[in-house]
Amino acid sequence: MPEAKRVSADVAADEMVRLAQERGDRLAHDRYQAMRPQCGFGQLGLCCHNCNMGPCRIDPFGQGTREGICGASADVIAARNLARRAAVGSAAHSDHGRSIAMTLLETARGQAQGYSIKGPAKLLALAKEWGIATDKRSLEEIAEEVALAALEDFGRQDGGLRFVSRAPAKVQARWESHGVMPRGVDRDIVGVLHSTNMGGSNEPYHLLRSCVRAGLVDGWGGSMVATELSDILFGEPAPLVSEANLGVLKEDHVNILVHGHEPVLSDALVAASQTDEVMAACEAVGAKGIQLAGICCTANEILMRHGVPIAGNLLHQEFALVTGAVDMMVVDIQCIFPSLRAVAGKYHTKIVSTSPKAHFEGFTHIEFDERRALDSARTLLLTGIQNFANRDPGKVHIPTDKSPLIAGFTTEGVFDHLGGRYRPSYRPLNNAIIDGRIRGVVGIVGCNTVKITQDEAHLTLAKELLRHDVLIVQTGCSAIACGKAGLLTPEAVELYAGAGLQEVCDAVGLPPCLHLGACVDNTRILTACIEICREGGLGDDFAELPVAGAAPEWMSDKAIAIGFYVVGSGIFTVVGDSLPIMGSPRVADYLTGGMEEDFGARFAFERDPLKAAALIVEHLNAKREALHLSPMIYEPRPAETLGKRWRAGGVALAAV
Ligand code: SF4
Ligand code: MSK
């Protein structure tokens, strides 16, 4: 181990780290140790290289340089750097949304091989919402107009994004009064980047409002387009059972991993993997079949729609290669380590990049063409199958660890569970909150980081909130962390949930942590909040709801954009490592305080997941009190009963 603390809370990951050390493989943790100490100016947000007179850096102790060569202050530099990162994160999600809209358009026009409209109910609902005629029209005709309407929002110059009208009136009013109403995806992202050009905006609060706008065009624009149109194109997810962790790999199968984000590729690979030709090719190389599994968010996409198992979250992209059993890893875009080339170089694994948006030195590039999706997917799979013969059995070591999970909840689908067959509405959820069985709802989302023990913050935070009767919704690598640890199963209710939450989950057979998809699907959390407001009894503004967000192990710029659209929409959010602005007390004060007055919510920065949970519980209690809700029916579950079978009333039945 590089240091005394564990690299991961996941035993399969630990096993791979030990093996990698024996074999001399260098993984992200080793590179992190070599990088330490990391640049303090960068961590504090005080380094600027926005023009070639720099780079400039501000002395955080106020003794050396207090301004950049152009005169920019620490406040401006920190806020400007943050705005750039928020814009990049927003661009990543939004360009993903654009790809889905383009593929839907091509599908509607019969130009995309192998795709069809698999979510007709969602298509008709969205057409109705957008005033698109559906009478006597084919699904393809409607889909074409819906796709074009969605694409219009990317190039829109003014007038507001279509999805903005979904937001509660009070939330929209705040956006309007603070000048951050999202107008057009491309326009606003370009606008934020322009403001950060040298000699552009030099007023920290204006730059911080730019951060909010960059976030809002993501959450209420690009990401929402990605989620809604993916449901139309690939089908609305429904709860299903699958498994997660490296133990899903099979020694006698061709193991092909998909890693990245856009389901356009991964969905086609799933379809192509089920053909007789692929089976015959596996047999020809001596394999019993093909095992497809996912890493990161593309894993979540094909998990929730097809039940394809998950091999792991962000840091597992390297651990998976150390098993020596991965015949090919197919990547598209976002969260892909260029180090895969070096790690795979020790094994037989072929790493294939497929996206025109992301090429990697040393990866084999086979460009994926959605107009010939099945042919492209077939070529990729046959490439992986052929590589099975190059596997070195002496290097194969697959951990046995894997956990069952339930995935595939959506804003709409969760109705059926919470409301039951005869009351498909959010009424029972709202009532459970109002009556004091459920304290509130919290989204735990986001990445892994090498800076702390992998998954530990996600798991500790989730368990601590569950014992306080908090219903948890999850996406991204956080959902995978909890999936690997068994929290996405109904059995987790008895092991971790407080008595009130236990009653609700047991009544409808729900896990206490609900898997809502990939990182773009955080918009499902926004739409669930819309439904809670609509149902009534808990306020008509996100800022009034007993809800919160958390990203305890964030690392990506996408997480910054998400944070800004969640907080900018009125939802209190706790992030683990602080945002890189701590060199500017004014910026930090605004984000963790003043922002609440303007946008109804604020950030909190807290690395300790138990303290983060305490902040969230305190926030939920304050919102409950402001709404004059009933006191909680039960005391929080005692911490010492976590992980043991336990019933409402606080009786520990048996240690597990
Ligand atoms: Fe330095 Fe100003 Fe140029 Fe930034 S924009 S590098 S602070 S001179
Ligand atoms: S993959 S953005 S590490 S959640 Fe979406 Fe995971 Fe974060 Fe990438």
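Biologist: In what order do the 6 strands of the open sheet stand?
Modeller: This is a predicted model, in which local features need pLDDT of at least 70 and side-chain atom pairs pLDDT 80 or more, while totals for chains, interfaces and linings use all residues. Residues are numbered from 1 along each chain as written, chains are lettered from A and ligands numbered from 1 in written order, and side-chain values use heavy atoms, without hydrogens and water. Strands (E, at least two residues) and helices (H or I, at least four) are DSSP runs numbered from the N terminus, and two strands pair if DSSP finds at least two bridges between them. The pairing here is parallel, and the order is E13-E12-E11-E14-E15-E16.

Biologist: Which strands are the edge strands?
Modeller: An edge strand here pairs on one side only. That applies to strand E13 (513–515) and strand E16 (603–605).

Biologist: Which residue in E12 is the bridge partner of Val441?
Modeller: Strands E11 (residues 440–444) and E12 (residues 470–474) run parallel, joined by 5 bridges. In E12, Val441 has as its bridge partner Leu471.

Biologist: Which residues does Leu627 touch?
Modeller: Leu627 sits in the loop between H25 and strand E17 (645–647). Contact means heavy atoms within 4.5 Å. Leaving out residues up to four places away in sequence, Leu627 touches Leu538, Gly539, Glu544 and Pro546.

Biologist: What separates the C-alpha atoms of Leu627 and Glu544?
Modeller: Along the chain, Leu627 and Glu544 are 83 residues apart. Their C-alpha atoms are separated by 7.6 Å.
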